[in-house]
Protein chains: 2
Amino acid sequence: MTQVQAPTVPSFPPAEYARRVEQARGLMQEQRLDALLVSSEGNFRYFTGDITLSPFQMTRPKFFVLPVSGEPCAIVAQGSEIGLSLTTWLKDIRTWPAPRPADDGVTLVAETLRAAAQRFGRVGTELGPESRIGFPVGDFLRVRELVEPVAFVDAEQPVMRRLRMIKSPAEVAKVRTICRIVSEGFEALPMLLREGDTEWSACRKLELEVMQRGATKTFKLTGLSGAGGYNRTNTGPTDRVLNRGDVLFIDTGCQFDHYWCDFDRHFAFGPPSDATRRAYELVWRATEAGIAAVRPGRPVSEVWRAMADVVASGGTDALKTKVGRMGHSMGIVLPEPPSINETDHTIIEPGMILNIEPGAAYIAPEDGGRRIMLHEENVAVTADGCELLSKRAPREMPVVG
Amino acid sequence: MTQVQAPTVPSFPPAEYARRVEQARGLMQEQRLDALLVSSEGNFRYFTGDITLSPFQMTRPKFFVLPVSGEPCAIVAQGSEIGLSLTTWLKDIRTWPAPRPADDGVTLVAETLRAAAQRFGRVGTELGPESRIGFPVGDFLRVRELVEPVAFVDAEQPVMRRLRMIKSPAEVAKVRTICRIVSEGFEALPMLLREGDTEWSACRKLELEVMQRGATKTFKLTGLSGAGGYNRTNTGPTDRVLNRGDVLFIDTGCQFDHYWCDFDRHFAFGPPSDATRRAYELVWRATEAGIAAVRPGRPVSEVWRAMADVVASGGTDALKTKVGRMGHSMGIVLPEPPSINETDHTIIEPGMILNIEPGAAYIAPEDGGRRIMLHEENVAVTADGCELLSKRAPREMPVVG
């Protein structure tokens with residue numbers, strides 16, 4: 001077993017956060033923003049380095065305000081400032097006594113923004129596609145009213161998306177670590193599985209394996225199965241028992257130090273049928289084509305095209321064409337833009353991380369029903385191509401037993 | 001080791017969801033709402049029974065629309081309907097081809113709400129304290145504009161909070177299961193710990209232990225330590241090495257089948273000092289007083305008072321008085337209202353789950369610094385008192401080595 005590596009605290013040296021702040025300010029100037037307000041878990045952590053793991057925390061929102069010049073500040077519930085001051089670079093931490101449902105940070109956030117928005121009267125915040133806010137909408141509307149005539153405009157697309165899309169070498173290293181851990185876990189799994197396992201127990205075996213190898217969290221672990229294949233890609237695992245003739249699909253979203261991997265693998269219980277093998281081979285080749293197409297300067301839509309062409313050559317439905325995309329990015333959030341599809345022409349740049357995710361549909365002779373075949377690999381874009389972060393899926397589906 | 005119990009799919013029989021829908025409709029009628037729109041992960045799961053585990057999913061929001069009469073419907077990304085139709089009671093599932101950043105469900109949600117809001121012109125949604133929405137605020141503002149003159153009003157407080165606060169016996173059973181699993185994990189831990197462990201490796205040992213015993217997820221696991229005690233309750237674990245004289249505090253938020261526990265335990269590395277023992281004893285007694293004060297018909301503020309009195313009798317600061325509360329509730333979300341504090345007078349009712357969480361501050365003679373002592377137990381309110389769900393913390397702090 002590999003040596004288990006604990007995350008460091010803070011996750012990155014101060015220079016990494018200083019660079020993020022500086023780059024954000026450059027983008028804010030382009031957008032004529034006086035300040036940036038973020039409250040989503042991912043964006044808050046991106047700037048502050050907060051290591052707190054309390055997902056879904058509804059009671060005590062956390063705000064980070066970045067003025068275009070002057071000291072950035074965090075606005076958090078009383079009590080949270082102690083840990084933040086000990087584990088992050090933050091110097092200015094403002095607090096209110098929470099929970100205080102009538103005013104959970106609203107007045108304090110509004111005051112801070114009003115003071116910062118003196119020039120353009122514009123504050124950028126998380127409004128656009130694939131964004132979330134980390135506090136109640138009702139409170140957002142109140143803050144918006146309190147800061148008038150200062151206006152909120154979207155900063156998710158023109159600032160956060162552009163910032164987070166290009167990873168630093170240190171960020172790529174985190175994703176590389178979790179990809180390695182999960183790859184090793186997947187490789188160990190066929191020896192651990194047996195007929196009679198359920199989707200749930202099979203996933204649990206992988207989960208324990210990757211935790212023992214140093215995954216920080218195993219937030220998403222989807223397991224699905226069926227005779228000759230699976231008919232959906234979510235809403236699993238269930239207690240379905242795995243028998244000879246089944247294919248088990250496990251899709252992971254695991255983290256090392258808050259950075260995600262996202263890839264899947266397949267396991268056959270007994271030798272797979274010809275139809276299953278053909279679908280696997282086709283999508284494996286589509287993945288090869290996708291990886292080969294990743295080059296700086298190209299639009300991601302060309303990566304999609306390379307995969308779609310292979311899938312089309314197999315004469316089967318291009319499943320992922322219908323459901324919108326054959327990949328995306330990831331980092332401190334999963335998934336992240338861009339989408340690898342026909343219409344997203346985002347230019348590939350070094351430092352991007354991409355999930356190469358072609359899929360196809362086929363008919364299982366076992367019962368004449370529709371099955372799905374979805375492969376995934378994670379790559380980091382380099383100066384002249386890409387580095388494979390996940391260990392490449394085997395050319396033939398591993399067989400259990 | 002206890003037999004590992006896999007979650008069932010669906011989590012509850014259809015009658016449980018039918019009851020939730022019926023009770024929601026009763027509350028909606030009181031509020032003169034034509035329809036309810038929810039998109040947060042907790043509320044979506046509460047109504048639909050969706051078992052998908054893709055936390056923090058930003059790309060494909062999920063909406064549930066409950067008209068006050070007529071068929072409830074889910075609005076989800078194309079592809080997600082297959083799994084939902086196989087694993088939930090939902091009959092009406094509407095889809096759009098996602099991701100489609102220009103219109104990710106906006107038009108479809110607005111159309112569905114407009115059709116439903118014919119009588120009062122009011123739609124209840126997640127706006128109020130401790131709520132979140134599961135889609136971008138920019139899209140919320142567009143939906144709001146599209147449905148005009150239909151108005152959005154808060155349904156988190158008058159509908160969702162009241163519904164979710166009283167748990168069914170089947171819900172209490174889920175929390176009981178995770179409390180038992182984590183209690184057993186905590187009991188096993190002193191034998192597994194040793195000097196030289198770090199906060200991180202100690203937490204990992206507990207995490208593996210509770211996963212092997214059947215915890216579904218270990219989302220939140222905070223470990224903090226220091227000579228004679230800890231000085232904060234979040235932003236851990238770190239790679240701090242545990243040595244003789246240290247106290248290790250571990251706070252868990254683990255799940256069984258999407259239902260949370262939330263309690264902590266303490267471990268001394270070598271015999272604790274008198275100051276540490278006194279603080280532990282004081283807060284242990286405050287917890288006893290809190291548990292004894294839980295009775296249907298009383299306001300939760302009386303439970304706070306019972307604990308605050310004991311803490312005050314010790315002559316130390318009542319830490320949790322300052323940070324707002326000495327407990328809360330939990331269920332499919334952690335934490336949930338009410339807050340156990342001086343000003344929350346929510347009446348205790350059978351079926352509520354409460355976290356009894358008194359705290360105190362004290363000075364560690366080791367370095368003259370401030371330390372925190374925070375205890376927690378989880379209880380379910382019964383007809384005449386409460387059932388302890390977590391196994392009561394030992395009267396004296398367990399000693400490692």
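Modeller: Before we start on touching residues, a word on the term: two residues are in contact if their C-beta atoms, placed from the backbone, lie within 7 Å. Please also keep in mind that this is a predicted model.

Biologist: Fine. What does A:Leu374 touch, leaving out residues up to four places away in sequence?

Modeller: With those set aside, A:Leu374 touches A:Thr233, A:Asp264, A:Glu357 and A:Gly359. A:Leu374 itself sits in strand S14 of chain A, which covers residues 370-374.

Biologist: And is A:Leu374 buried or exposed?

Modeller: A:Leu374 counts as buried because 21 C-beta neighbours lie inside 10 Å, and the cut-off for buried is 20 or more.

Biologist: Then take A:Pro271, where is that?

Modeller: A:Pro271 is in the loop of chain A between strand S10 (263-269) and helix H9 (274-293). A:Pro271 has 12 other C-beta atoms within 10 Å and is therefore exposed. Between the C-alpha atoms of A:Pro271 and A:Pro101 there are 59 Å in space, and the two are 170 residues apart in sequence.

Biologist: Changing topic, how confident is the prediction?

Modeller: For chain A the average pLDDT is 95, and 97% of the residues score at least 70, while the model as a whole scores ipTM 0.96 and pTM 0.96.

Biologist: Which domains does chain A have?

Modeller: The domain assignment divides chain A into domain 1, residues 14-164, and domain 2, residues 166-400. The C-alpha centres of these two domains of chain A are 34 Å apart, and the contact between them involves 7 residues of domain 1 and 8 residues of domain 2.

Biologist: Which helix gives the most to the domain 1 side of that contact?

Modeller: On the side of domain 1 of chain A that touches domain 2, H2(A) gives the most, with 3 residues. By class, the residues on that side of domain 1 are 1 nonpolar, 1 polar and 5 charged.

Biologist: What about the nonpolar core?

Modeller: The largest nonpolar core holds 232 residues, and those touching the most other members are A:Ala35, A:Leu113, A:Ile178, B:Ala35, B:Leu113 and B:Ile178. Beyond residues up to four places away in sequence, the contacts of B:Leu113 include B:Val65 and B:Val147.

Biologist: Last one, where is there a cis peptide bond in chain B?

Modeller: One of them joins B:Glu148 and B:Pro149, with omega about 10°, and B:Pro149 lies in the loop between helix H5 (137-147) and strand S6 (151-154) of chain B. Another runs from B:Pro337 to B:Pro338, where omega is near 5°.

Conventions
Residues numbered from 1 in each chain as written. Chains lettered and ligands numbered in written order. Predicted model: local features only at pLDDT ≥ 70, side-chain atom pairs only at ≥ 80, totals over all residues. Core = buried A, V, L, I, M, F, W, Y, C linked by C-beta atoms within 7 Å. Domains from an automatic or database assignment. Helix = DSSP H or I, 4+ residues; strand = E, 2+ residues; numbered from the N terminus. Nonpolar A, V, L, I, M, F, W, Y, C, P; charged D, E, K, R; others polar. pLDDT = per-residue confidence, 0-100.
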